[in-house]
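Here are some notes to read alongside the structure. Keep the viewer open and find each spot as you go.

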Amino acid sequence: MTATMDRPTEEAPSGGKVPLVELKDVGKSYGNITALKGISLRVHAGEVTGILGDNGAGKSTLIKIIAGLHQQTDGELLVDGEPTKFTSPADALGKGIATVYQNLAVVPLMPVWRNFFLGQEIRKKSFPWSLDTNAMRATTLTELSKMGIDLPDVDVPIGSLSGGQRQCVAIARAVFFGARVLILDEPTAALGVKQSGVVLKYITAAKEAGFGVVFITHNPHHAHMVGDHFVLLNRGRQKLDCSYDDITLEHLTQQMAGGDELEALSHELGR
Amino acid sequence: MTTQADLEVADHKVVRDERVKERNRLQRLLIRPEMGAGIGAIGIFVFFLIVAEPFRQASSLATVLYASSTIGIMACGVAVLMIGGEFDLSTGVAVTFSSLAASMLSYNLHLNLWAGAGLALILALAVGFLNGFLVMKTKIPSFLITLSTFFMLAGINLAVTKLLAGQVATQSVSDMQGWDSAQKVFASSFTVFGVSIRITVVWWLVFTAVATWVLFKTKIGNWIFAVGGDAESARAVGVPVTKVKIGLFMFVGFCAWFVGMHLLFAFNTVQSGQGIGNEFFYIIAAVIGGCLLTGGYGTAVGAAIGAFIFGMTNQGIVYAGWNPDWFKFFLGAMLLFAVIANNAFRNYAAKR
């Protein structure tokens, strides 16, 4: 009941368009432990929704619900406006919701193009149906350059790429195989400043290409650079839900860092 | 409805472009996994040409190739398994197991030798399946599982042979039905320019060629590299890891059966105790050829070159008139050298 009260006005920010994915008052409890409660967010095509939160805020539980790994215990999950309950990650993938996890699911010793098509290889149409390696190389090259990554050679082992580039290949793979909504689980967490930049550029490129992006991070600076919409989680509750125009980086950082509690603390410490 | 239109922005088209072929062919050749072994093989070949006079004859080369082929067929299977990230210590006795099974099943059940060979094939594949199944189900390293299989098979070989034949070798089967045709397939020779060449050399090349094609030009090959390189990632993108690995163990079983059939039809009787220790030769051939013990890296051609190095050293020492007791020392030294050299090549490849 309390959750519905501070829920923001529905579908106002997008001018009436149906969101690709929408969560309405979603909650998840494991037995008598409540991991998430009263989460409402929308993911629109061509928009980045940043989900922020400290460790243990419920970010991973939230992704797992959208990715189909877990099912919510309260509230509704809508895909294209239709109420849905995912039974498996494959189910979510079938609806075009792809998740890029932190470990990326790549095989380091294999060439970039083999990784790109791993599990979904293209074969020639005639006997003996061998792999169409040229098509796969060219496609990998084109798909990567479309998103602004220029690899001189797609035959290098993917392990020799930088962390940022690897992340981008994993995202490009999800995009190529039919994703409409990309869920990126802390894509910049393990990266340096420069490499994070590569990933952030890529996120913007994906957004401009019309994908809905869910960007999970605990870095407000990164979120503010690419996000159109922000959701802040704290201890399983939604603390903030606002669009880019409504919030400054300072405010976001402050909210993220603990907000009023931090202010009180700094006052107490007297510095 | 409107959302659908927005999503058409990125088109998911497969591009076919003949211009985007492999680049830097020469450079890529230099960093291939089998390059170190290739250079080593040429070096050893030239070395024996200089020091061993009989080595220069064409018939010697045929002998070397024959010695290489019996190791090479098995090494091909072992290499593919190693690329898939697993290990099989039971291969040496599995070869003997297959030939004993074919011989004794045919002899005691009065079957055509082809029928006996067929039953032996089923048994060999079953052993491979069991190895793979246990490794995948228990998650225990294949080293331990196949070490157990190694001892169990060695025991079965000796005990069952003594039980059925009353001695440690099988009875002669050369007068049984199917001998002539089976011998043609598994153990005949043919003459090229006056030099007699054993048929196993041809089979060796066929095994290597097919394995190479499968590894690099098929879906299955892609999956083999993936399960060896990172099984968890492979599973995450939808590769059937368990099936691929069990299939690899069964392929090793098939190779063991094939070499076993060669032994049976080349020597007529089979000693139940032989084959112990050969598993290391197969592994050495694969590792010299550039296969990584940890999986995900290597080639079948490399294993063939490794087997050829094995054959050359094995016969070359005899041709050079040296004491053959030193053979194992040379083999060990070569393995050490090959591992270090391959490592250096791979680091160079990673840095470039």
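**Notes on the predicted model**

1. Before anything else: this is a predicted model, so read every point below with that in mind.

2. Let's start with chain B as a whole. Chain B has 15 helices and two strands. It runs to 352 residues, of which 46% count as buried. Now look at the contacts in chain B with a separation of 6 or more: 78% of them join residues 24 or more positions apart.

3. Next, pick out helix α7 of chain B, residues 142-165. Its 24 residues reach 33 Å from the first C-alpha to the last, close to the 34 Å expected at 1.5 Å a residue.

4. Which residues of α7(B) are buried? They are B:Ser142, B:Ile145, B:Thr146, B:Thr149, B:Leu153, B:Ala154, B:Asn157 and B:Thr161. When you look at the spacing in that list, keep one rule in mind: an α-helix has 3.6 residues a turn, so residues three or four places apart point the same way. And what do the buried residues of α7(B) pack against? Their partners are α5 (91-109) and α6 (113-138), both of chain B.

5. Now a pair of helices. Two packed helices are described by the angle between their axes and the distance between the axes. For α3 (residues 35-51) and α14 (residues 300-319) of chain B, the axes come within 10 Å and cross at roughly 20 degrees. Angles under 35 degrees count as roughly parallel, and α3(B) and α14(B) are therefore roughly parallel to each other. Their crossing is left-handed.

6. Who makes that contact? From α3(B) it is B:Ala37, B:Gly38, B:Gly40, B:Ala41, B:Ile44, B:Phe45 and B:Phe48. From α14(B) it is B:Gly302, B:Ile305, B:Gly306, B:Phe308, B:Ile309, B:Met312, B:Thr313, B:Gly316 and B:Tyr319. Sorted by class, the contact of α3(B) with α14(B) has ten nonpolar residues, six polar ones and no charged ones.

7. Stay in chain B and find B:Phe330, which sits in helix α15 (residues 327-351). Is B:Phe330 buried or partly exposed? It is partly exposed, because it has 15 other C-beta atoms within 10 Å, and a buried residue would need 20 or more. Leaving aside neighbours within four places in sequence, B:Phe330 is in contact with B:Thr313 and B:Ile317. B:Phe330 and B:Ile317 are 13 residues apart in sequence and 9.5 Å apart in space, C-alpha to C-alpha.

8. Over to chain A and a glycine. A:Gly227 lies in the loop between α8 (220-226) and β9 (229-234) of chain A. A:Gly227 counts as buried because 25 other C-beta atoms are within 10 Å. Not counting residues up to four places away in sequence, A:Gly227 touches A:Val48, A:Thr49, A:Gly50, A:Phe215 and A:Tyr244. A:Pro111, on the other hand, is 116 residues from A:Gly227 in sequence and 32 Å from it in space, C-alpha to C-alpha.

9. Finally, check two backbone angles. A:Asp25, in strand β1 (residues 21-30) of chain A, has a positive phi near 55 degrees and is not a glycine. A:Asp25 is partly exposed, with 16 C-beta neighbours inside 10 Å. B:Asn268 is not a glycine either, and its phi is positive at about 70 degrees. You'll find B:Asn268 in the loop between α12 (241-267) and α13 (278-288) of chain B. With 18 C-beta neighbours inside 10 Å, B:Asn268 counts as partly exposed.

Technical notes:
Residues are numbered from 1 along each chain as its sequence is written. Chains are lettered from A and ligands numbered from 1 in the order in which they are written. This is a predicted model: local features need pLDDT of at least 70, side-chain atom pairs count only at pLDDT 80 or more; totals for chains, interfaces and linings use all residues. Helices (H or I, at least four residues) and strands (E, at least two) are DSSP runs, numbered from the N terminus. The expected span of a helix is 1.5 Å times one less than its number of residues. A residue is buried if 20 or more other C-beta atoms lie within 10 Å of its own, exposed if 12 or fewer, and partly exposed in between; C-beta atoms are placed from the backbone. Two residues are in contact if their C-beta atoms, placed from the backbone, lie within 7 Å. Axes are lines fitted to C-alpha atoms, for helices over the stretch in contact, and angles run from 0 to 180 degrees between N-to-C directions. Angles under 35 degrees count as roughly parallel, over 145 as roughly antiparallel, 65 to 115 as roughly perpendicular and the rest as oblique. A crossing is left-handed if the near helix is turned anticlockwise from the far one by less than a right angle, and right-handed if clockwise. Ala, Val, Leu, Ile, Met, Phe, Trp, Tyr, Cys and Pro count as nonpolar, Asp, Glu, Lys and Arg as charged, and the others, Gly among them, as polar.
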